[in-house]
Amino acid sequence: MIDKIKEYIAEVEDFQAKSKEEIEAFRIKFSGKKGIINDFFSEFRNVAVEQKKEFGQAINTLKNIAEEKVKLLKEEADTSTQYQSKGEDITRPGEPISIGSRHPISLVKNNIIDIFSRIGFNVSEGPEIEDDWHNFTALNLPEYHPARDMQDTFFIQTDPDILLRTHTSSVQVRYMENNKPPIRTISPGRVYRNEAISARSHCFFHQVEGLYIDKDVSFADLKQTLQYFTQEMFGKSKIRLRPSYFPFTEPSAEVDVYWGLETETDYKMTKGTGWLEIMGCGMVDPNVLKNCNIDPDEYSGFAFGMGIDRIALLQYGILDIRLLSENDKRFLDQFIPAL
Ligand code: DAH
């Protein structure tokens, strides 16, 4: 009988399983209610007294190693065979991963950058937290200048010198301070104004500033450049320049593009005129050039600034500007995927 038990011990030690079913069959064979080990225990009373000790120890050994083996095999099966046992195909491609989409602001911004880079403009950036000099004073808006009221400003804490930039024109100043003409640059970025939030305006939005400084730059160059832009951006090159006022340009103008009056939306957007205002522009004021160490007798230039959010609303027919900053996935998913 002892020999028989030893044979079983060897069998348990050698046992290998190919599936969870085989492990279960093995468990039942040895440790099940009617299994080998219980059979031995029932035999125990018939064993001669002097053999009881040796016999008992042998059965216990068999019992322990059988249980240990089942435990071990089950653990192995759980980790290594979980992919195979149910017949799953591990070469199958994974679940699709959503790659997200570009934000409409980025789409419009990238388009504007593309259009101007084709005619030699580079991209420059500046800080959103600005000082008074770059946002106002250097741009011909000295302290107490009434035109400062055109842009309601967020100041940082109590320091009236530090503020959130109200326009990207501040980057013009930084660029001219650090680069010599000829200059052709556009500066996209976020700007802030202390305005009530509604469907049509927000306390932060985005602008692109354009700056061109060289010898003999004229107003005609400005108009040509803008016409090229509106043609590329909207497929429309009929524009008009209305006299306007900005402290940093002289003369200054507001640019309208002829949108047309073909649909009811055209009517609504253009208030029945067919014209849509898209940006401000002008010839850089000599005072601004001087403030940035550029000689106005040698150089001249033009500048323009437009709102990206407004163009995104127009292009995609978005009715509420707040959607652009709410990060609602249902809204964002409607734009083309990021690549
Ligand atoms: N900075 C102006 C604004 O935020 C926009 C602007 C107008 C920029 C005329 C210019 C410009 O460069 O020449 O309203």
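Student: Does Arg322 count as buried, partly exposed or exposed, and what is its relative accessibility?

Tutor: This is a predicted model, in which local features need pLDDT of at least 70, side-chain atom pairs count only at pLDDT 80 or more, and totals for chains, interfaces and linings use all residues. Residues are numbered from 1 along each chain as its sequence is written, and side-chain values use heavy atoms, with hydrogens and water left out. Buried means under 20% relative accessible area, exposed over 50%, and partly exposed in between (1.4 Å probe, protein chains only). Arg322 has 29% relative accessibility and therefore counts as partly exposed.

Student: With which residue does Arg322 meet in a salt bridge?

Tutor: Side chains of opposite charge can pair when their charged atoms come close. The criterion for a salt bridge is a side-chain nitrogen of Lys or Arg within 4 Å of a carboxyl oxygen of Asp or Glu. Arg322 meets Asp320 in this way, at 2.8 Å from N to O.

Student: How many salt bridges does a search of the whole structure find?

Tutor: The search finds 15. One of them joins Lys29 and Glu11, with an N to O distance of 2.5 Å. Lys29 lies in helix 2 (residues 20-31) and Glu11 in helix 1 (residues 2-14), so the pair ties together parts that are 18 residues apart in sequence. Helices (H or I, at least four residues) and strands (E, at least two) are DSSP runs, numbered from the N terminus. Lys29 is partly exposed at 38% relative accessibility, and Glu11 is partly exposed at 32%.

Student: Where in the chain are Arg148 and Asp132?

Tutor: Arg148 forms a salt bridge with Asp132, their closest N and O atoms being 2.9 Å apart. Asp132 belongs to helix 6 (132-135), while Arg148 is in the loop between helix 6 and strand 3 (155-156); the two residues are 16 apart and link distant parts of the chain. Both Arg148 and Asp132 are buried. Elsewhere, a network of salt bridges links Arg240, Arg242, Asp256 and Glu277.

Student: In what order do the three strands of the open sheet lie?

Tutor: Two strands pair if DSSP finds at least two bridges between them. Here the order is 2-4-3, with antiparallel pairing. Strand 2 (129-131) and strand 3 are the edge strands, each pairing on one side only. Strand 2 is joined by three bridges to strand 4 (residues 159-164), and Asp131 stands opposite Ile162 in strand 4.

Student: How much space lies in the largest pocket, and which residues are closest to its centre?

Tutor: Rolling a probe the size of a water molecule over the atoms shows where empty space is left. On a 1 Å grid over the protein atoms alone, a pocket is an open set of points where a 1.4 Å probe fits, with protein on both sides within 12 Å along at least five of seven lines; lining residues have an atom within 4 Å of a point. Grid points are joined across faces, edges and corners, and a volume is the space filled by probe spheres set on the points. The largest pocket holds about 1,600 Å³ of space. Of its 49 lining residues, the closest to the centre are Arg200, Glu277, Ile278, Gly307 and Arg310.

Student: Which strand gives the most to the lining of the largest pocket?

Tutor: Strand 9 does, with seven residues.
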